[in-house]
Amino acid sequence: MLPQSNLLIMAPIARGRGDDLRALLATMNRRPGFADPGNALVPFGHFERLHLARFVILEDPTPDDLAVYGRSQQSFPPTLAFLADSDGSADALLAQLVERCEAGLRAIFSHCQGFGGEDDLLHWMQRHRERPAAAYVNWVGRTVRQIREEARLYDALSAHLDTDAAALAAESPQRVRRQLTEFVEAEQRAGRIVLSPPEPTPLGWRLRNFLNLVGVSLLLILAGPLLLLYLPVFFWLLRRHETSDPEVLPRPDPGRREAIAALEDHDVTNPYIVLGYLKPGWFRLSTVIFLLWIVDYGARHIYNRGHLGRVHTIHFARWVFLNNRRQMFFASNYDGSLDSYMDDFINKVAWGLNLLFSNGVGYPRTDWLLTGGASDEQKFKYYLFRHQLPVQVWYKAYPGLTAFDLMRNSRIREGIERLSMTDDEIREWLNLL
């Protein structure tokens, strides 16, 4: 399989250039916030291995948060971030971006501090590259090519079934599957359906993944006795912080929420990003570093086949530290409306939200880390709305397709390519169509 990778370029915006940059980014869109795949600056649609991408201006949405701890703000300046998720190596994507879109990228990054017209663009972008503390891929190994080919397979089979539904209804399950398989074979010979074989797994990725699988496990085993000794101290410190950390949950500004909502729901999938301060002190920082390390491990080796916990609607996600680990942002791409996205998490994995987000300033109060917090729906939504940022430019390679659609289409392909199936398996498979 060809695994996926993520790319993040970040650079502070030059003083006084923010409005010009926003105007330039707006020219890339077909609709507000929704990119034209063939835009003149960075034609995302020309990159056959690019799943999702966005340009977003990171500005501190909560500049007064640390005042509740009696501390002065140490915010980072307004910063341009380019995020991308692609098949294969992020280095290869970066090289392709520079090769094909140098003029457009120079026009965009010329609004950033320290960018000169004579700079080597590839070298400059590499110097401003950041790596996430943790990252999630809905289905490791499912490529853009596979998604598009399987979507065409689904459409062709659905159309064929519509035309021959009456005749096929009288046939046995085995006979129906045989006819559909023969139909697909004929369409493949005619070149109207293509089902490419998977690419080989890169040896370097396979080795790194194995070392991570074994190394993290061994490290946790070796550190187990120390972690057990630390647990009583951890819970004492945790409860001490939970009972004293202030909540900061004002009612969201309706105008700001409406402005962000205008950039949403142009497709069945939406981009999402929230940014906030971590609670000061070594305890909260060490806790979130450790938990994100575990999340990244789980995303690599456990939650890599269609779901993050019990949530199935996220395509890609990442957690990134900022400002010398004083701040952090979480960025994802999810199916459905924002309300349904938040409700999905609240109803299914509220404890998981508490594990990570409760380390942020102002989060609803938790009890022993796992309860409370996100379980208070209104407070939690106020917290997220207050920290959400607008996404100026967002691209998706397969509009109209949800994560459920991708899984369904893959299962349909598996049914075509399997050597044999029982009648019950065929009936279940036909229900997908």
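Visitor: Before we look around, what are the helices and strands here, and how are they numbered?
Guide: Helices, of at least four residues, and strands, of at least two, are DSSP runs, and they are numbered from the N terminus. Please keep in mind as well that this is a predicted model.

Visitor: Which residues sit nearest the centre of the largest one?
Guide: Its lining is made up of 15 residues, and those nearest the centre are Leu275, Gly276, Met328, Phe357 and Tyr383. Two or more lining residues come from each of strand 7 (269-277), strand 9 (327-335), helix 10 (338-357) and helix 11 (377-387).

Visitor: And which element gives the largest share?
Guide: That is strand 7, which supplies four residues to the lining of the largest cavity.

Visitor: You mentioned helix 11. Is that helix mostly covered or mostly open, and which residues are buried?
Guide: Helix 11 is mostly covered, with eight of its eleven residues buried. The buried ones are Phe380, Lys381, Tyr382, Tyr383, Leu384, Phe385, Arg386 and His387, and what covers them includes helix 8 (254-261), strand 7 and helix 10.

Visitor: Why does Thr62 count as buried?
Guide: Thr62 counts as buried because its relative accessibility is 1%, and the cut-off for buried is under 20%.

Visitor: What about strand 4 itself, how many of its residues are buried?
Guide: Strand 4, residues 50-58, has nine of its nine residues buried.

Visitor: Which way do strand 4 and strand 5 run, parallel or antiparallel?
Guide: Strand 4 pairs with strand 5 (residues 79-87) in the antiparallel sense, over eight bridges, and Leu52 stands opposite Asp85 in strand 5. Strand 4 is also joined to strand 12 (residues 393-396), again antiparallel, by four bridges, with Ala53 opposite Tyr395 in strand 12.

Visitor: New topic: where is Asn138?
Guide: Asn138 is in the loop between strand 6 (134-137) and helix 4 (144-163). Its relative accessibility is 6%, so Asn138 counts as buried too.

Visitor: What does the Asn138 side chain reach?
Guide: The side chain of Asn138 reaches the backbone oxygen of Ile314 at 2.9 Å. Not counting residues up to four places away in sequence, the residues that Asn138 touches include Asn304, Arg305, His312 and Ala403.

Visitor: Last one, Arg310. Where is it, and which residues is it in contact with?
Guide: Arg310 is in the loop between helix 9 (282-301) and strand 8 (314-322), and, neighbours within four places in sequence aside, Arg310 is in contact with Asn347, Lys348 and Val349. The side chain of Arg310 reaches the backbone oxygen of Lys348 at 3.4 Å.

Visitor: How are the C-alpha atoms of Arg310 and Asp344 separated?
Guide: They are separated by 8.7 Å, for two residues that are 34 residues apart along the chain.

Note on methods
Residues are numbered from 1 along each chain as its sequence is written. This is a predicted model: local features need pLDDT of at least 70, side-chain atom pairs count only at pLDDT 80 or more; totals for chains, interfaces and linings use all residues. Side-chain values use heavy atoms; hydrogens and water are left out. On a 1 Å grid over the protein atoms alone, a cavity is a set of points where a 1.4 Å probe fits but cannot get out, and a pocket is an open set with protein on both sides within 12 Å along at least five of seven lines; lining residues have an atom within 4 Å of a point. Buried means under 20% relative accessible area, exposed over 50%, partly exposed in between (1.4 Å probe, protein chains only). Contact means heavy atoms within 4.5 Å. A polar contact is a pair of N or O atoms within 3.5 Å; within protein, one must be able to donate a hydrogen and the other to accept it, and residues adjacent in sequence count only if both atoms are side-chain atoms. Two strands pair if DSSP finds at least two bridges between them.
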